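Colleague: I would like to learn how to read a sheet and a pair of chain copies. Can we go through one model together?

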Protein chains: 2
Amino acid sequence: MKFKAEIDIMPHDALLDPQGKAVQAGLQNLGLSGVDQVRVGKHITITLEAANETAAKAAVDEACKKLLANLIVERYHFEIAAV
Amino acid sequence: MKFKAEIDIMPHDALLDPQGKAVQAGLQNLGLSGVDQVRVGKHITITLEAANETAAKAAVDEACKKLLANLIVERYHFEIAAV
């Protein structure tokens, strides 16, 4: 079966996010004054072949832990759906 | 009211995504062989103050169009919720 995973990788809330701060300043310069906080991370979609949803989840979890996210400074969250 | 927007910005499907290809090769090197396609984009969360959901949506849409996404090579999608 084919599955599609939508992964969000974001900097931990406790950490500074200079890219987010830069975007926030940019938005204020554009006149969008109500913006409180901006955080910038990665969004990754993976299409993969797996026997079932449990196997697909395990594969994506391994991919996040070993390659996609740096767990010292980032956290990840993903959702999987059959396609 | 405070709203939180979760924005995904991804390269258009028709375009090559070299970063995605690199991640795909990395995953295959890790032994995750079932991976078909990987695409890498940005995930941005914005917390903002707005009068109502319609105003918040309009502000986020403007932010995406004017600053966050390059509509020539990227598309964006967002969801808004009151916090």
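The dialogue below takes up the sheet, the helices and the symmetry in turn.

Modeller: Start with the ground rules. This is a predicted model, where local features need pLDDT of at least 70, side-chain atom pairs count only at pLDDT 80 or more, and totals for chains, interfaces and linings use all residues. Residues are numbered from 1 along each chain as its sequence is written, chains are lettered from A and ligands numbered from 1 in written order, and side-chain values use heavy atoms, leaving out hydrogens and water.

Colleague: What is the strand order of the open sheet?

Modeller: Strands are DSSP runs (E, at least two residues), as helices are (H or I, at least four), numbered from the N terminus. Two strands pair if DSSP finds at least two bridges between them. Here 6 strands run β3(A)-β1(A)-β2(A)-β2(B)-β1(B)-β3(B), with antiparallel pairing. Direction ignored, neighbouring strands are turned by 20° on average.

Colleague: Which helices pack on the sheet?

Modeller: Contact means heavy atoms within 4.5 Å. Angles run from 0 to 180 degrees between N-to-C directions; axes are lines fitted to C-alpha atoms, for helices over the stretch in contact. Among them is α2 (53-68) of chain A, which touches β1 (2-11), β2 (35-49) and β3 of chain A, at about 155° to β3(A). Helix α1 (18-29) of chain B touches β2 of chain A and β2 (35-49) of chain B, at about 120° to β2(B).

Colleague: How many bridges join β1(B) to β2(B)?

Modeller: The count is 8, and the two run antiparallel. K4(B) has T47(B) as its bridge partner in β2(B). Another 9 bridges join β1 (2-11) of chain B to β3(B), also antiparallel. There, I9(B) has Y76(B) as its bridge partner, and D8(B) stands opposite H77(B).

Colleague: How many residues of β1(B) are buried?

Modeller: Buried means under 20% relative accessible area, exposed over 50%, partly exposed in between (1.4 Å probe, protein chains only). In β1(B), 7 of the 10 residues are buried, so the strand is largely enclosed by the rest of the structure.

Colleague: How do I read the relation between the copies?

Modeller: Two copies of a chain are related by a rotation about an axis and a shift along it.
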